[in-house]
Amino acid sequence: MASNSANLWVLLGLGLAGILLMTKKLKKAIREDFGAFIERLQLLPPPQPAPPKAPHPLTGLTFAVSDVFEIEGHVTGFGHPDWARTHDAASRTAPIVSALVEGGATCIGKTVVSELSMGISGENKHHGTPTNPASHYTAPGGSSSGAAVAVAANFVDFSLGIDTVGDVRIPASFCGIFGFRPSHGSVSQVGIIPISTSLDTVGLFARDPNVLRRVGHVLLQLPYVGQRNPRQIILADDCFQLLKMPVDRVTQAVTKSTENIFGKQVLKHENLGSYLSSKVPKLKELIGIKTNGNLNSSSIRVLANVMQTLERIEFKSNHGEWIDSVKPDLDPALIEQLNEKLETSDTVIENLKSVRNETRMAINSLLKDDGVLVIPTTADPPPKLGGKEIFSEEYQGRLFSSLSIASISGCSRHGADRFLLDTVQTMYKSLKEEAEAASKAKFSKNAISQEQSAEIAKEKGNQAYKEKQWEKAIGCYTEAIKLNGRNATYYSNRAAAYLELGRFHQAEADCSKAIDLDKKNVKSYLRRGTAREMLGFYKEAIDDFSHALVLEPTNKRASISAERLRKLFTS
């Protein structure tokens, strides 16, 4: 995401709960297509251009679309037989579907959605509930359930859905695949049944980050720009506290992956609820109304209420007349939602829109250029099919609190989506490895005590170093490394002690190991440069000091050392 494409894992629906937990497959009688499709069809791409022109970018890929996208000659069902019965076949195909076909992909069908695209469980009593390939007895998530299942079950390479309040991100998390919500307004909504115009965004499902990126570029019609790394990756600590699973298992996967690729200094932490209460004046005002001034942490819950209220008001505006006229057979939970009394005065609607606009500015300000905000997609594992837990106020409060941030803020500045897709592709392999490691690890007291013991050994080494007891410091740092050999600081600190004793080869080796573990470790480049200078490797020393300057342009030691060696090297 260019500048702020920001809410990385929220936008992607990279539900780590899904990666970590949804691996057990249960035996159940299921349809051949897992109940994903409402209709099979075929939209073929045009012939390939003659050489030397490049082939179509999506050549060889297949996809499906949720049953809210218009396909010429086909009735758009909107998840309900009464809607299909009272509407004619579409006279055109949604432009975004046509663009993907023109790009070389083949559309093979339309997929099941929740009734009127308004359910988060993904269940549909009229067309049947698609089977979650990751766990057959749990809900697939909605409203774009069929589209997620079609991808997760490997029937198509990618699929399209509509994300309003999490309708792509929830099923992506529950089914263990990617779910990408682009910036609001960045993809044409023409030829798509609206749910809530202020929140609706065409979303994308894929199993593979490379496919996600390829399709995303066509979907968003993105121009080519050079890839760049994020300057800050911010973990929303309070959002992770909502998780109903061990928080460390998730945050460690993200933290270690970030440190491995971009370095420790990129990683930041934020209490997002406190930040929004201070930066969104209208939200702060609503918090006071909702909680009588109590519960400082309630700002994200109130943001979720704003999102849900806005969705229901706009849904009724779009479809209330049809519902009153046709009186369709609706699920009781949906009836309860639609019958909820909502204040719809101009003042209320203006307040909701003010929260949306102020939240967008606040998130932009937090992330600045090249920032990524990491938030869990869903707080709970997928609920059991037919269960009532998902309808409880507590469950939905946790669920929508995190989801509301991307929906209300619009996700990012326009043009930022390429940055997000590039970042995901860069991080995916490492993130997957760390997530798998976290799922297998047994966080015993012994393992925790080992890390704690390593830190204690390091602190003893630091104290010995201050007292100029170099051998003792080396011994302490060596003990820390034995307890935790993946900490770059331990190697870098031991190198500093080796330098004091003139053991330059050992210092160089330790710094190289530290840099392997953390390529942004400025001190290690400086210390290795010093060791190499003392060993007579002047060119390599200049490279190290220069690299330290790239990472930290104001570092005087690096600047002076590099300049001194250049003069020596050229004289």
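I began with cysteine 511, which is buried, with a relative accessible area of 0%. I note here that the model is predicted.

Next I looked for the closest partner of this cysteine. The nearest cysteine sulfur to that of cysteine 511 belongs to cysteine 476, 19 Å away. That is too far for a bond, because a disulfide needs the two sulfur atoms within 2.5 Å.

I then turned to cysteine 107. Its relative accessibility is 0%, so I logged cysteine 107 as buried. Its closest cysteine sulfur sits in cysteine 175, 19 Å off, and so is too far for a bond. How many disulfides does the structure hold? I found zero.

I placed glutamate 311 in helix 12, which runs over residues 299-326. Is glutamate 311 buried or exposed? I found it buried, and without a salt bridge. The nearest side chain of opposite charge is that of arginine 312, 4.9 Å away.

For residues 488-521 I noted 79% helix and 0% strand, with the end C-alpha atoms 8 Å apart. For residues 522-555 I wrote down 79% helix and 0% strand, with 9 Å between the end C-alpha atoms.

Note on methods: Residues numbered from 1 in each chain as written. Predicted model: local features only at pLDDT ≥ 70, side-chain atom pairs only at ≥ 80, totals over all residues. Heavy atoms only, no water. Helix = DSSP H or I, 4+ residues; strand = E, 2+ residues; numbered from the N terminus. Buried < 20%, exposed > 50% of the residue type's maximum accessible area, 1.4 Å probe, protein only. Lys, Arg positive; Asp, Glu negative; His and termini not counted. Salt bridge = Lys/Arg side-chain N within 4 Å of Asp/Glu carboxyl O.
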